[in-house]
Amino acid sequence: MMVRNVIAIMVLSCTLMGCSPTVKVQAPSEPININLNVKIDHEINIKVDKALDNIINKSGLY
């Protein structure tokens, strides 16, 4: 009876090992191309007080 249990366990373990999934890590055959079409737009808005604007215009810093 002990021999039957050992044989049954061996057959069951071999069966389960045959069903285990395999994972393969393989490099791609073609190089990886990353295409970045990026359009960057920016806007800077400056609001100046009229009195400060007059001072800047008089000093010639414009």
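A helix, in this report, is a DSSP run of H or I with at least four residues, and helices are numbered from the N terminus. With that in hand, let us walk through the structure, which is a predicted model.

**The overall picture**

The protein chain has 2 helices and 0 strands. Helix H1 covers residues 2-18 and helix H2 covers residues 50-59, with a loop between them.

How does the radius of gyration of the protein chain compare with that of a compact globule of 62 residues? The globule would come out near 11 Å, but the protein chain has 38 Å. The box tells you about the outline too: along the principal axes, the C-alpha atoms fill roughly 110 × 30 × 15 Å.

What share of the 62 residues is buried? The answer is 0%. A residue counts as buried when its relative accessible area is under 20%. The protein chain exposes about 7100 Å², and carbon and sulfur atoms supply 62% of that area.

| Pair | Apart along the chain | C-alpha to C-alpha distance |
|---|---|---|
| Leucine 12 and lysine 58 | 46 residues | 95 Å |
| Lysine 50 and methionine 10 | 40 residues | 92 Å |
| Lysine 47 and threonine 15 | 32 residues | 78 Å |
| Alanine 8 and glutamate 30 | 22 residues | 48 Å |

Leucine 12 sits in helix H1, and it counts as exposed because its relative accessible area is 53%, where the cut-off for exposed is over 50%. Alanine 8 is also found in helix H1. Is alanine 8 exposed or partly exposed? Its relative accessible area is 44%, so alanine 8 is partly exposed. That label covers values between the cut-offs for buried and exposed.

Turn now to the lysines. Lysine 50 belongs to helix H2, and with 71% relative accessibility it is exposed. Lysine 47 lies in the loop between H1 and H2; at 82% relative accessibility, lysine 47 is exposed as well.

**A nonpolar patch in the loop**

Which residues make the nonpolar surface patch? They are Ile32, Ile34, Leu36, Val38 and Ile40, and the patch has an area of about 650 Å². One of them, leucine 36, is placed in the loop between helix H1 and helix H2. Leucine 36 counts as exposed because its relative accessibility is 65%.

Let us finish with the charged side chains.

Side chains of opposite charge can pair when their charged atoms come close. How many salt bridges does a search of the whole structure find? The search finds 1. In a salt bridge, the side chains of aspartate 41 and lysine 39 meet, with 4.0 Å from N to O. Both partners can be found on the outside of the model: aspartate 41 is exposed, with a relative accessible area of 62%, and lysine 39 is exposed, with a relative accessible area of 72%.

Technical notes: Residues are numbered from 1 along each chain as its sequence is written. This is a predicted model: local features need pLDDT of at least 70, side-chain atom pairs count only at pLDDT 80 or more; totals for chains, interfaces and linings use all residues. Side-chain values use heavy atoms; hydrogens and water are left out. Patches are made of residues with over 30% relative accessible area and no salt bridge: like charges are joined within 9 Å, nonpolar side chains (Val, Leu, Ile, Met, Phe, Trp, Tyr) within 5 Å. Accessible areas come from the Shrake-Rupley method with a 1.4 Å probe; for residues, only the protein chains shown count as cover. Buried means under 20% relative accessible area, exposed over 50%, partly exposed in between (1.4 Å probe, protein chains only). The radius of gyration is taken over C-alpha atoms; the globule rule is 2.2 Å times the number of residues to the power 0.38.
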